[in-house]
Amino acid sequence: MIPRYSRPEMVAIWSPETKFKIWYEIEAHACDAMADLGVIPRENAEAVWKAKDVDFDVARIDEIEAVTKHDVIAFLTHLAEHVGSEEARFVHQGMTSSDVLDTCLNVQLVRAADLLLAGVDKVLAALKKRAYEHKDTVRVGRSHGIHAEPTTMGLTFARFYAEMDRNKNRLEKARWEVATGAISGAVGTFANIDPAVEEHVCAKLGLRPEPISTQVIPRDRHAMFFATLGVIASSIENIAIEIRHMQRTEVLEGAEFFSMGQKGSSAMPHKKNPVLTENLTGLARLVRMAVIPAMENVALWHERDISHSSVERGIGPDATVTLDFALHRLAGVVEKMLIFPENMLDNMNKFPGLVMSQRVLLALTQAGVSREDAYTMVQRNALKVWEERVDFREQLLADADVVAALGEDGINEKFDMGYHTKHVDTIFARVFGK
């Protein structure tokens with residue numbers, strides 16, 4: 001976690017203080033459930049709650065772990081220092097370390113998912129606002145980086161909205177999938193602990209009992225979670241690259257907001273660089289780095305090994321903190337983004353009328369010309385526009401074959417810009433609802 005790319009709300013979820021607080025709640029709720037079952041004395045379960053307002057001493061736990069070489073044992077030892085050794089003797093009864101570690105991890109991932117969903121909502125709100133603002137702002141669509149046919153800036157924002165809305169749905173499902181807990185004992189058989197304890201702990205922590213665990217919660221759940229984060233990061237990059245392209249000097253159809261006093265270059269005072277969206281491309285790479293290790297964590301030896309543990313200690317906080325920051329940065333970029341409609345029209349008219357080539361092609365075929373001949377007729381005029389920057393419509397009007405097939409009025413009619421935007425409202429209704 002790099003402070004430069006972190007928000008304190010997400011960082012707090014992964015702090016040692018938060019982790020130990022969750023560990024404590026797991027153990028205390030488990031004691032309550034065992035007391036309900038008559039497995040341990042009620043007074044011992046109640047004694048554990050004496051530590052409910054304790055700020056666990058991270059340095060002290062680390063000191064104990066330096067000797068025990070076991071983090072959960074170190075925590076339990078420190079807990080006994082607060083509760084009392086005799087009172088705490090039933091803590092962790094019938095449990096294994098992974099019961100605490102895995103259940104805690106999933107609580108943290110659920111909390112992280114809630115913050116990420118809030119970030120997605122912020123991006124969606126910004127995209128929707130800009131989409132309606134520029135619903136009818138015409139710009140040229142590009143395929144392979146080359147002018148294709150007219151579209152609108154609103155449709156550009158709308159398609160990013162639809163993509164991010166799909167990501168919200170994916171993240172909600174990933175949150176649900178990872179929201180399980182396990183208090184099932186050494187190899188998941190409940191041999192030394194009643195399944196009712198697991199049910200009680202999970203209910204208190206907002207989780208569902210894992211249907212079948214071994215010594216760990218199955219890691220396909222986590223693989224799905226981190227894969228979803230990777231997809232969301234890729235969508236962030238998709239939007240960022242479009243904005244970066246729009247800000248290129250020779251394009252300049254849109255740009256990041258440039259604040260008062262901001263500097264673009266240490267050497268060239270004229271520069272306005274798309275640093276925020278370039279940064280988003282980089283952050284997306286960092287989030288995606290977590291995906292393959294999460295996939296590789298699925299395969300563990302027998303009932304468990306700990307090859308996944310060191311990986312998750314890194315990718316859990318790193319991926320969620322980075323994605324959280326990226327979502328909020330993207331929302332800010334979209335909210336403040338500058339749009340230049342005049343430049344959009346200028347760019348489209350660099351090759352006057354050329355974007356109407358398909359409509360002319362289709363009209364020729366409908367007029368009885370074979371597709372092969374029609375393509376030849378349109379292309380020979382289009383190439384002159386490429387090479388000489390002449391007006392496409394004028395070239396068609398000077399082509400006897402095209403005039404013979406369509407007539408002058410038929411040619412002129414094919415250059416109505418509204419033809420390409422007539423279904424914008426239909427698309428918006430599909431994306432945003434009526």
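Is phenylalanine 75 buried or exposed? Phenylalanine 75 is buried, with a relative accessible area of 1%, where buried means under 20%, exposed over 50% and partly exposed in between, using a 1.4 Å probe and protein chains only. The model is a predicted one, in which local features need pLDDT of at least 70 and side-chain atom pairs count only at pLDDT 80 or more, while totals for chains, interfaces and linings use all residues. Residues are numbered from 1 along each chain as its sequence is written, and side-chain values use heavy atoms, with hydrogens and water left out.

**Aromatic pairs**
- The whole structure holds 14 aromatic pairs, meaning rings of Phe, Tyr and Trp (its six-membered ring) with centres within 6.5 Å, called stacked if the planes are under 30 degrees apart, edge-to-face if over 60 and tilted for the rest.
- One of them is the stacked pair of phenylalanine 20 and phenylalanine 75, at 5.7 Å centre to centre and 5° between the planes.
- Phenylalanine 20 counts as buried at 4% relative accessibility.
- Tyrosine 24 and tryptophan 49 form an edge-to-face pair, because their ring centres lie 5.8 Å apart with the planes at 80°.
- Tyrosine 24 is buried at 1% relative accessible area, whereas tryptophan 49 is partly exposed at 23%.
- Ring pairs join Phe20, Trp23, Tyr24, Trp49, Phe56 and Phe75 into a cluster.

**Charges over rings**
- Arginine 359 lies over the face of tyrosine 419, 3.7 Å from the ring centre, the criterion being NZ of Lys or CZ of Arg within 6 Å of the ring centre and within 35 degrees of the ring normal.
- The charged end of arginine 159 sits over the ring of phenylalanine 160, at 4.5 Å from its centre.
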